Amino acid sequence: DQKLVDYIEKKTAKLGQFFDRITDAQVFLKLENSGQVRDKIVELKLLVPGDILVAKETSKTFEAATDAVVDNMKRQLNKHKERVQDKSHSSKTSPS
């Protein structure tokens, strides 16, 4: 459904504001039958230099799962950015 694709693209595009070195993004949509309810699963994979970040969320709608997975990924990107900055600071400050 094109509306869903547009929604996901709009949400994931904002992740570039948190970390500008994302080299690739992949989104996987899955339907899982658990009894009477069909859960919607959104999995988001981001390639960043030296790492692959993965987030997966389940909800009743793809939109809600997308919101949750993007929030999850924002936290991961912030942690990743801190780790990268810590490494660059410690390598500059440590005596050689």
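I shall speak about the strands, then the salt bridges, and then a few individual residues.

This is a predicted model, in which local features need pLDDT of at least 70, side-chain atom pairs count only at pLDDT 80 or more, and totals for chains, interfaces and linings use all residues. Residues are numbered from 1 along each chain as its sequence is written, and side-chain values use heavy atoms, with hydrogens and water left out.

Let me begin with the strands. Helices (H or I, at least four residues) and strands (E, at least two) are DSSP runs, numbered from the N terminus. Two strands are said to pair if DSSP finds at least two bridges between them. Strand S1, residues 24-34, pairs with S2 in the antiparallel sense over 11 bridges. Within this pairing, Val27 stands opposite Leu44 in S2. The hairpin of S1 and S2 has 2 residues between the strands, and Gly35 there adopts a positive phi near 70°.

S2, which covers residues 37-48, is also joined to strand S3, residues 51-59, by 9 bridges, and these two run antiparallel. Here Leu46 faces Leu53 in S3. This hairpin also has 2 residues between its strands, and Gly50 in the turn has a positive phi of about 80°.

I turn to the salt bridges. The term denotes a side-chain nitrogen of Lys or Arg within 4 Å of a carboxyl oxygen of Asp or Glu. Asp67 is partly exposed at 28%, and Lys11 is partly exposed at 24%.

The next salt bridge joins the side chains of Asp39 and Lys60, at 3.1 Å from N to O. It links distant parts of the chain, with Asp39 in strand S2 and Lys60 in the loop between S3 and H2, 21 residues apart. Leaving aside neighbours within four places in sequence, Asp39 is in contact (heavy atoms within 4.5 Å) with several residues, including Leu31, Thr58 and Lys60.

The side chains of Asp71 and Lys74 also meet in a salt bridge, at 3.8 Å from N to O. Because they are 3 residues apart in helix H2, about one helical turn separates them. Asp71 is partly exposed at 38%, and Lys74 is partly exposed at 25%.

Finally, some individual residues. Asn72 belongs to helix H2, residues 62-93, and is buried at 16% relative accessible area. Leaving aside neighbours within four places in sequence, Asn72 is in contact with Ala55 and Glu57. Asp6, by comparison, sits in helix H1, residues 2-13, and counts as partly exposed at 40%. From C-alpha to C-alpha, Asp6 and Ser91 are 41 Å apart in space, and 85 residues apart in sequence.

Thank you for your attention.

Key. Buried < 20%, exposed > 50% of the residue type's maximum accessible area, 1.4 Å probe, protein only.
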